[in-house]
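Dear colleague,

Please find below the structure that I am handing over to you, together with its sequence. My findings follow directly after it.

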Amino acid sequence: MKLTDCWHQLATHYQHLKSQHMRDWFEQDPQRDQRFRLQAADLSLNYAHHRITTQTLEYLIQLAHAAALPNKIDHLFKGEPVNFTEQRPALHTALRRPTNQPLYYQGQDIMPAIADLHHRMATYCTRLRHQQWLGFNGQPITDIVHLGIGGSYLGPAMAYHALQAEAKCAVRIHFIANVDGHHLTSTLAPLDPATTLVIISSKSFTTSDTLLNAQTVLNWLGRSHIANQVIAITANPAGANALGIATDHILPIWDWVGGRYSLWSAIGLPLAISIGMSKFQQLLAGAHAMDQHFHSAAFANNMPVILGLLGIWYINFFHTQTHAVIPYAQRLEWLPNYLQQLEMESNGKQMQAMGQTTPYSTAPVIWGSVGVNGQHAFHQLLHQGAHLIPVDFIIAEQCTSPLTEHHRQLKANCISQIKALMLGNDPSILAQQLQQQGYDLAQATQLAQHQWLPGNKPSSLITLPQLTPTTLGSLIALYEHKVFVQSVIWQINCFDQYGVELGKQLTRQLLDDESLFASIGLSID
């Protein structure tokens, strides 16, 4: 079928399905929870609580084939220029590929360079974790200040917070991204420059926010100590050299690695220091397992493809505008922020490959917070608000805390939200219950309307056996590939980010011409 025919087929199907209620489907099919469930790379996906039937899935998969998704997936893994505006591959998957499996880019096997990077990272980790890296007063490094922004900040910071239970390292790690001076000064205040190592992560080494923070931190450190106590991670070693950073303290990031896909590269060094290089390799292995699944599984059993197609179904047919991510794990508190960049910077576009404006909506607004907190904040809107908001619930099956009753209640809260969103309640039954509590018929009927939950609200449940480096790697790769699936169907490029450039240009203009501040009623000081 042609792509346009698939869109029309789904639009007709939507008209047939839109008034049906999920609770009726569950009553008619007691096995629905089992039939709409997938396992891959240690993760489980239950997508039974979606407004879909088997027919919906068949139509969505036809859409994926009409968009040539199988070929595009193959191109991604082979290193073809899927970043078509910049004529580059997007080979972040190579960073988690076993280094003994050759992969050629521009006629050269890139895996030996990745293996060398891993060796250098391991050497840094060993020295720091065993207190062998000494500061300028001869004392071991006790703190690391990591400077970056965007993917070079959100990726390692999110994973660092998620895997703190795995950390067996005395070195404390501090992440700085915002150019707000209060963040910088409050972070540096309790630290000793004599025992602090600075990592500057910037692919271009021209990002003004990161460079301003770097200049301030290097002045605090002392310019004479840069050679021993500063590491740069960049694709622009000359820019790092210009700051006085020694060449043997510069780790590479290649032009075929996008910033928001760079956790797997040297950008992940702070995480590797924290949890150890062997566990960082487990993170890579988990992501690689999801890569293999995505590359080989039939679409009906392909977890990233199913998640991506569900998003297409809601965004383009139900016209949803936001998507909530709610991890029932405090350690995944940073995940919604990380996914904001991954999805919104990747697919927040409207220009298609052939230079035409897309006729349909693309990326939703991604938001969320940890459960149970959200139940006492924004879940009210999910249940009774006028918006239809698909939700991803994420939880670990096994408890790693000694407080097992807490985990039991955590899981019960998570499942209850999924069921309540799907089921809703019946105003007539509510009215009967209120009458039994002493309300008269008029009062009960009126109050029941306010207590009514319509239900039929869609959600996915992603389950990890435990939150470990391996399962975190699988989870992140799952979302990366979901984003790619949607970009292919929308025919946009998920690997560039021209939308952020104009703001950077205007910032430079404002700093060069202070009179422009006055035009909007602000002072430069």
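The model is a predicted one, in which local features need pLDDT of at least 70 and side-chain atom pairs count only at pLDDT 80 or more, while totals for chains, interfaces and linings use all residues. Residues are numbered from 1 along each chain as its sequence is written, and side-chain values use heavy atoms, with hydrogens and water left out.

Strand E7 and its partners

Helices (H or I, at least four residues) and strands (E, at least two) are DSSP runs, numbered from the N terminus. Two strands are said to pair if DSSP finds at least two bridges between them. E8 (residues 230-234) runs parallel to E7, and 4 bridges join the two. Strand E5 (residues 143-147) also pairs with E7 in the parallel sense, over 5 bridges; here Leu-147 has Ile-200 of E7 as its bridge partner.

"Buried" denotes under 20% relative accessible area, "exposed" over 50%, and "partly exposed" the range in between (1.4 Å probe, protein chains only). Because 6 of the 6 residues of E7 (residues 196-201) are buried, this strand is largely enclosed by the rest of the structure. Thr-196, Val-198 and Ile-200 are buried on one side of E7, and Leu-197, Ile-199 and Ser-201 are buried on the other.

E1 pairs with strand E2 (residues 43-46) in the antiparallel sense over 4 bridges, and Leu-43 in E2 is the bridge partner of Ala-40. The two strands form a hairpin with 2 residues between them, and Ala-41 in the turn has a positive phi of about 50°.

Nonpolar cores

A nonpolar core is a set of buried Ala, Val, Leu, Ile, Met, Phe, Trp, Tyr and Cys residues joined through side-chain atoms within 4.5 Å. The largest has 129 residues, of which Leu-269, Trp-313 and Leu-472 touch the most other members. Apart from this core lies another, of 20 residues, including Ile-200, Leu-218, Ala-240 and Ile-250.

Contact means heavy atoms within 4.5 Å. Neighbours within four places in sequence aside, Leu-269 is in contact with Met-121, Tyr-124, Cys-125, Ile-199, Ile-231, Ile-233 and Leu-251.

Two individual residues

His-118 lies in helix H6 (residues 111-129) and is buried, with a relative accessible area of 8%. Not counting residues up to four places away in sequence, His-118 touches Leu-95, Thr-99, Met-277, Gln-281 and Leu-284. Gln-380, in helix H16 (residues 379-384), is partly exposed at 49% relative accessibility. Gln-380 and Leu-453 are 73 residues apart in sequence and 9.9 Å apart in space, C-alpha to C-alpha.

On a 1 Å grid over the protein atoms alone, a cavity is a set of points where a 1.4 Å probe fits but cannot get out, and a pocket is an open set with protein on both sides within 12 Å along at least five of seven lines; lining residues have an atom within 4 Å of a point. Grid points are joined across faces, edges and corners, and a volume is the space filled by probe spheres set on the points.

The structure holds 3 cavities of 30 Å³ or more. The largest has a volume of about 60 Å³, and helix H14 (303-318), strand E10 (322-327) and helix H20 (469-490) each supply at least two residues of its lining. H14 gives the most, with 4 residues. The second largest cavity has a volume of about 50 Å³, and H14 gives the most to its lining too, with 4 residues.

The largest pocket contains about 1300 Å³ of space. Its lining has 46 residues, of which Ser-204, Thr-207, Gln-497, Glu-501 and Lys-504 lie nearest the centre. Helices H7 (151-162), H9 (208-221), H15 (335-347) and H21 (501-512) are the elements that give two or more residues to this lining, and H21 gives the most, with 6 residues.

With kind regards
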